[in-house]
Amino acid sequence: MRIFLIICLSLITYSVNAQVKLLKLDDLDKRIANGKDTTYVINFWATWCSPCVAELPNFEKLRLASLKKPVKVLLVSLDFKSKLLKEVIPFVEKNKINAEVFLLNEPDQQQYIERIDKKWSGAIPATLFVNKKSRRFYEKEFTEAELNSTLLNLK
Amino acid sequence: MKTLILMAFMLLSAVSFAQTEGYKIGDVVKDFSLKNVNNKTVSLADYKYAKGYIVVFTCNTCPVAKAYQGRVAALNATYATKGYPVVAINPNDAGAVPDESFEKMQALASQKKFSFPYLLDPDHVVTKQFGATRTPHVFVLNKTDKGNVVEYIGAIDNDPEEANGTKTDYVKNAVNELSVGKKPVVASTKAVGCGIKWKKG
């Protein structure tokens with residue numbers, strides 16, 4: 001009985017925490033390296049960034065269209081860590097976002113901006129298309145068609 | 001086919017040129033005259049005894065800019081008397097975001113007791129001259145015989161959420177270095193901020 005309760009409890013906590021996980025760039029790099037033939041479409045956004053919020057549905061469409069392909073859409077929020085429970089998780093729930101959502105857990109933005117891409121000014125929205133062979137970074141907004149064509153042209 | 005490629009190339013270079021417009025380190029800044037929250041206009045030339053300026057593009061609504069409001073005030077408190085006053089400019093258009101209106105700027109300035117000017121930039125003229133792209137976005141200027149020279153562009157520090165154990169105060173360091181006649185060691189930095197809300201149409 002006790003074990004059953006523990007399992008239930010951990011399932012509940014898991015489902016709550018699973019919505020938005022904290023992400024370190026090291027973990028992201030590992031995931032890409034272990035991703036075999038998977039292409040990751042990684043969108044950097046924030047709840048306070050209106051053009052980001054406006055383009056999120058395009059990423060959901062891409063995710064749905066790519067379910068059977070080796071493509072993963074990851075949404076990485078640059079919101080403050082202190083806003084995780086108050087703003088980011090409620091936003092994800094309210095907008096019924098089904099893609100994997102993370103909150104970037106890196107304290108030094110000078111460091112992480114450079115690490116994600118040397119050309120990046122830090123402005124969002126920005127999107128990284130990456131697999132084991134290529135890496136393309138765009139500091140821009142994407143339409144659904146642009147997402148599809150960029151993904152297709154990625155070598 | 002060759003012409004097509006050439007045309008495409010020219011188009012691309014035009015685009016990349018458009019993205020890099022604005023002041024770079026070493027450029028001389030054109031003075032401006034913008035309306036402050038107290039309805040008086042402010043120009044850089046008004047500060048007869050300034051040795052330089054800390055120009056901060058900031059706004060009413062951006063969470064990142066809000067997180068830095070106290071630090072901007074602290075910069076002015078420390079450096080205005082040393083000859084480097086803060087001059088804050090709101091680059092956003094109230095038509096695009098109503099909460100960026102002049103009245104809301106006045107309310108914020110009085111609520112937070114801004115000790116520095118908080119200027120309206122209608123039609124983004126000065127914002128475009130500087131090439132500011134987000135809030136907050138800082139330009140540290142050094143007054144010289146040839147004019148006000150840009151010596152630092154970027155973030156206030158590398159710690160927006162005040163959670164970075166190894167914080168570096170880029171603007172403070174730059175001003176400290178300028179005040180003893182040195183060039184800033186770190187002259188430009190990157191930062192996440194809110195994009196500028198441009199006038200529609």
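In helix H2 of chain B, the buried residues are B:Val64, B:Ala65, B:Tyr68, B:Val72, B:Leu75, B:Asn76 and B:Tyr79. They pack against strands S4, S5, S7 and S10 and against helix H5 of chain B. The model is predicted, with an ipTM of 0.75 and a pTM of 0.84.

**Helix H2 of chain B**
- H2(B) covers residues 63-79, a run of 17 residues.
- At 1.5 Å a residue, H2(B) should span 24 Å, and its end C-alpha atoms lie 25 Å apart, which agrees.
- The strands packed by the buried residues of H2(B) are S4 (52-57), S5 (86-90), S7 (134-135) and S10 (194-195), while the helix is H5 (170-179).

**Confidence in chain B**
- The average pLDDT of chain B is 91, and 90% of its residues score at least 70.
- Where pLDDT is low, the predicted coordinates should not be read in detail.

**Architecture of chain A**
- Chain A contains 6 helices and 6 strands.
- Read from the N terminus, the elements of chain A follow the order α-β-α-β-α-β-α-β-α-β-β-α.
- Of the 155 residues in chain A, 30% are buried.
- Among the contacts in chain A between residues at least 6 apart in sequence, 72% link residues at least 24 apart.

Technical notes. Residues numbered from 1 in each chain as written. Chains lettered and ligands numbered in written order. Predicted model: local features only at pLDDT ≥ 70, side-chain atom pairs only at ≥ 80, totals over all residues. pLDDT = per-residue confidence, 0-100. Helix = DSSP H or I, 4+ residues; strand = E, 2+ residues; numbered from the N terminus. Buried ≥ 20, exposed ≤ 12 C-beta atoms within 10 Å, placed from the backbone. Contact = placed C-beta atoms within 7 Å. Expected span 1.5 Å × (residues − 1).
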